[in-house]
Amino acid sequence: MQRTPRVFLIALGWLSGCSSTPVVTHEPEQVAQVRPAKGEGQATEPRVGPAVGDTPVETAPPNVPEFSPAFAQQTRAPAVHTQSPFKVTELVSGLANPWGLAFLPDGRLLITEKIDGRLLLVSLDGKKPVAIEGVPKVAGADQGGLLDVALGPDYATSQLVYLSYYEPREGGNGLAVVRARFVAGRSPKLEQSRVIFRMQPTLDSTKHAGGRLLFAPDGNLFITLGERSILKGRVQARDLASDFGKIVRIAPDGSIPKDNPFIARKGARPEIWTLGHRNVLGAALDSQKRLWVAEMGPRGGDELNLIEPGKDYGWPTIGYGEEYSGERIHQTTQAPGLEQPVYYWDPVISPGALVIYSGDLFPEWKNNFFVAGLSSQALVRLVLQGDRVVGEERLLTSRSERIRSVVQGPEGALYLLTDGSNGKLLKVTPENTAG
Ligand SMILES: [Ca+2]
């Protein structure tokens with residue numbers, strides 16, 4: 001295939017000074033701009049039988065064949081196949097672009113609807129979802145809107161919930177996190193709302209603000225942030241004076257933990273935990289309570305990263321992908337002081353949420369990673385050994401639905417949200433379980 005001549009984008013400093021704000025990346029979240037990978041290794045619905053040896057799950061040609069992995073097993077892991085039969089139950093449909101979900105202690109769920117900024121109280125007994133009052137106004141264009149929802153670690157006594165959203169601001173928008181007390185009852189509502197975090201600076205972009213919320217074992221809150229897609233934002237991804245392209249860590253009241261890595265660095269934003277990210281949408285803790293993230297990359301550059309405080313994950317200096325136009329982004333894939341992804345996907349899967357399975361319903365899946373795949377229209381399963389990916393599977397591909405989110409339910413089932421105007425809540429359980 002004839003490839004587009006490449007133009008090196010090394011004059012980022014100059015470009016960032018332009019008054020115009022060109023969109024330099026097409027978003028892999030948008031189906032029309034991404035051809036899902038084809039290849040006989042990709043469809044890996046569960047089947048009983050021996051593993052297929054070293055055949056990778058991905059057999060489509062890479063978008064950037066010039067780039068090679070830094071180590072064996074960094075991409076194209078051998079296909080693995082779930083042996084336990086399972087079933088997928090559709091619990092709710094008709095959700096308008098759902099994005100995030102969280103279980104309440106009583107078994108009901110909070111689900112966000114992105115564009116309209118609605119927070120729904122959803123019970124699984126067939127009752128109609130109820131919109132919760134008191135959600136802040138959101139900037140809902142494109143990738144913006146109401147994103148994640150999380151319960152505070154002390155929810156049982158505080159009823160505090162946390163929401164991330166694109167906050168409309170003078171001159172643009174930015175990701176914000178609000179916390180509020182959830183009052184159930186006949187007219188469920190949020191009260192005593194307080195914004196505890198505002199991504200800085202404000203920028204006029206409708207993309208790449210991150211938005212995943214995850215409480216750490218110590219009670220602090222991780223918030224993933226993106227680099228806003230446009231060049232003016234992208235060039236700030238490794239700049240400690242900006243929140244763009246960072247993972248930040250704050251206390252639940254919005255204050256800054258004293259042991260954050262850059263708290264004593266002059267000119268650095270004290271909330272920063274790690275830097276050099278493009279757009280992190282998936283975050284999860286493993287059995288050792290370490291933080292892992294799934295990062296939405298450019299074409300051919302989605303990543304799985306193991307997060308350690310203070311480290312630089314390299315975007316946009318290094319990476320394995322290219323612009324959706326075919327233009328080059330990186331001159332190289334490795335550089336001293338910049339972290340390598342544990343795994344990358346070329347072609348991309350477009351990772352939404354990430355969960356690391358710790359339940360008992362599927363013993364076979366214990367400690368496996370599950371990534372919600374948007375353009376790949378799959379639930380992507382990774383098997384790891386010693387922090388290396390040794391197997392990959394693409395589940396639910398026959399449904400041909402973009403999968404936005406995945407969480408583990410209280411009983412060990414996986415709950416998924418599909419993307420789009422008729423979004424669904426799905427439940428994955430072993431085939432022989434009731435309900
Ligand atoms: Ca990276």
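Reader: Which residues is Val 177 in contact with, leaving aside its neighbours within four places in sequence?

Author: In general, nonpolar side chains of soluble globular proteins tend to be buried together. In this predicted model, Val 177 is in contact with Tyr 162, Leu 163, Ser 164, Tyr 165, Arg 194, Val 195, Ile 196, Phe 197, Leu 213, Leu 221 and Ile 223, once neighbours within four places in sequence are left aside.

Reader: Which residues touch the most other members of the largest nonpolar core?

Author: That core has 25 residues, and those touching the most other members are Tyr 162, Leu 175, Val 177, Phe 197, Leu 221 and Ile 223. At least two residues of the core come from each of the strands E6 (146-151), E7 (160-169), E8 (172-183), E9 (189-198), E10, E11 and E12 (247-250). With three residues, E7 gives the most. Another core, of 20 residues, lies apart from this one and includes Leu 119, Val 135, Leu 146 and Tyr 155.

Reader: How should I read the order of strands in a sheet?

Author: Strands of a sheet pair through backbone hydrogen bonds, in either a parallel or an antiparallel manner. Here, four strands form an open sheet in the order E10-E11-E12-E13, and their pairing is antiparallel. Strand E10 (213-215) and strand E13 (272-274) stand at the edges with a single partner strand each, so one side of each has no neighbour in the sheet. On average, neighbouring strands of this sheet are turned by 30° against each other, direction ignored.

Reader: How many bridges join E10 to E11?

Author: Three bridges join E10 to strand E11 (residues 221-224), and the two strands run antiparallel. Leu 214, for instance, has Phe 222 in E11 as its bridge partner.

Reader: Is Glu 392 buried or exposed?

Author: One compares the relative accessible area with the cut-off for buried, which is under 20%. Glu 392, in strand E21 (residues 388-395), has a relative accessible area of 1% and is therefore buried.

Reader: Which side chains make polar contacts with the side chain of Glu 392?

Author: The side chain of Glu 392 makes a polar contact of 2.5 Å with that of Tyr 343, and another of 3.0 Å with that of Trp 345.

Technical notes
Residues numbered from 1 in each chain as written. Predicted model: local features only at pLDDT ≥ 70, side-chain atom pairs only at ≥ 80, totals over all residues. Heavy atoms only, no water. Pairing = 2+ DSSP bridges. Axes fitted to C-alpha atoms, helices over the stretch in contact; angles between N-to-C directions. Buried < 20%, exposed > 50% of the residue type's maximum accessible area, 1.4 Å probe, protein only. Polar contact = N/O pair within 3.5 Å; in protein donor to acceptor, adjacent residues only side chain to side chain. Core = buried A, V, L, I, M, F, W, Y, C linked by side-chain atoms within 4.5 Å. Contact = heavy atoms within 4.5 Å.
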